[in-house]
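Welcome! Take a moment to look over the sequence and the 3D view before reading on.

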Amino acid sequence: MTVAPSVAREYLLEAPVEAVFDAWTDASALLQWWCAGNAHATHADLDVRQGGRYEIRMSPGPAGTPQIVRGLYVKVERPHRLVMTWRAEGTPHDNGDDSLLTVELFAHGRGTRLTLLHERLPAASPPSYAQGWAHVLHALSRFLGPR
């Protein structure tokens, strides 16, 4: 049996757990920070509840096609855990299958330790996803950082 590739990231943020959770689950907040490379979020529809759907539309990628991330919330455990299916349409790595994204938040001093695990990725995509998540988490850090 072949194990599907995954990407894991850990990030320390200078904001309380609740603020980080809200940044992921409030559409107006997410639109202010979501950025993967040159693709910025232009629309977010988030029905944050177990079984709820979400969709994040991003500015066109290098091929000129809009990128859309959509999926289903599998678990929502406020303010510590989000588990969701993930499908990035309009990208070279869209093979038609859903991957699985888990975001966990832990109090760390006055801030938050975020762990991210993106599983069941298409075979050739982990380097691209690793780079994309580095951009996304850096943008989140800038959004939540000291003002």
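What follows is a short tour of the sheet, the helices, the core and the aromatic rings.

This is a predicted model, in which local features need pLDDT of at least 70 and side-chain atom pairs count only at pLDDT 80 or more, while totals for chains, interfaces and linings use all residues. Residues are numbered from 1 along each chain as its sequence is written, and side-chain values use heavy atoms, with hydrogens and water left out.

**The sheet**

Let us start with the strands. Helices (H or I, at least four residues) and strands (E, at least two) are DSSP runs, numbered from the N terminus. Two strands pair if DSSP finds at least two bridges between them. Eight strands make up an open sheet with antiparallel pairing, in the order 1-8-7-6-5-4-3-2. Strand 1 (7-13) and strand 2 (35-36) stand at the edges with a single partner strand each, so one side of each has no neighbour in the sheet. Further in, strand 6 (residues 81-89) and strand 7 (residues 99-108) run antiparallel and are joined by six bridges. Here Met84 stands opposite Leu101 in strand 7.

Ser6 and Leu117 are 111 residues apart along the chain, yet their C-alpha atoms are separated by 7.1 Å. Contact means heavy atoms within 4.5 Å. Not counting residues up to four places away in sequence, Ser6 touches Leu117, His118, Glu119, Leu121 and Pro126.

**Helices across the sheet**

Helix 1 (residues 17-25) lies across several strands, including strand 7, to which it runs at about 155°. Helix 3 (residues 126-144) also lies across several strands, among them strand 1, and runs at about 15° to strand 1. Axes are lines fitted to C-alpha atoms, for helices over the stretch in contact, and angles run from 0 to 180 degrees between N-to-C directions.

With 19 residues, helix 3 reaches 26 Å from its first C-alpha to its last, close to the 27 Å expected at 1.5 Å a residue; the expected span is 1.5 Å times one less than the number of residues. Its buried residues include Tyr129, Trp133, Val136 and Leu140.

**The core**

A nonpolar core is a set of buried Ala, Val, Leu, Ile, Met, Phe, Trp, Tyr and Cys residues joined through side-chain atoms within 4.5 Å. The largest one has 39 residues, and Trp24, Trp34, Leu114, Trp133 and Leu140 have the most contacts inside it. Helix 3 gives the most to this core, with eight residues. Leu140 touches Leu13, Val20, Ala23, Trp24, Trp33 and Leu114, not counting residues up to four places away in sequence.

**Aromatic rings**

The structure holds eight aromatic pairs. Rings of Phe, Tyr and Trp (its six-membered ring) pair if their centres lie within 6.5 Å; planes under 30 degrees apart count as stacked, over 60 as edge-to-face and the rest as tilted.

| Pair | Centres apart | Planes | Type |
|---|---|---|---|
| Trp34 and Trp86 | 6.1 Å | 40° | tilted |
| Trp34 and Trp133 | 5.8 Å | 85° | edge-to-face |

Trp34 sits in the loop between helix 2 (27-33) and strand 2, 52 residues from Trp86 in strand 6. Trp133, in helix 3, is 99 residues from Trp34. Trp34 is buried at a relative accessible area of 4%, and Trp86 is buried at 6%. Together, Trp24, Trp33, Trp34, Trp86 and Trp133 form one aromatic cluster.

Notes. Buried means under 20% relative accessible area, exposed over 50%, partly exposed in between (1.4 Å probe, protein chains only).
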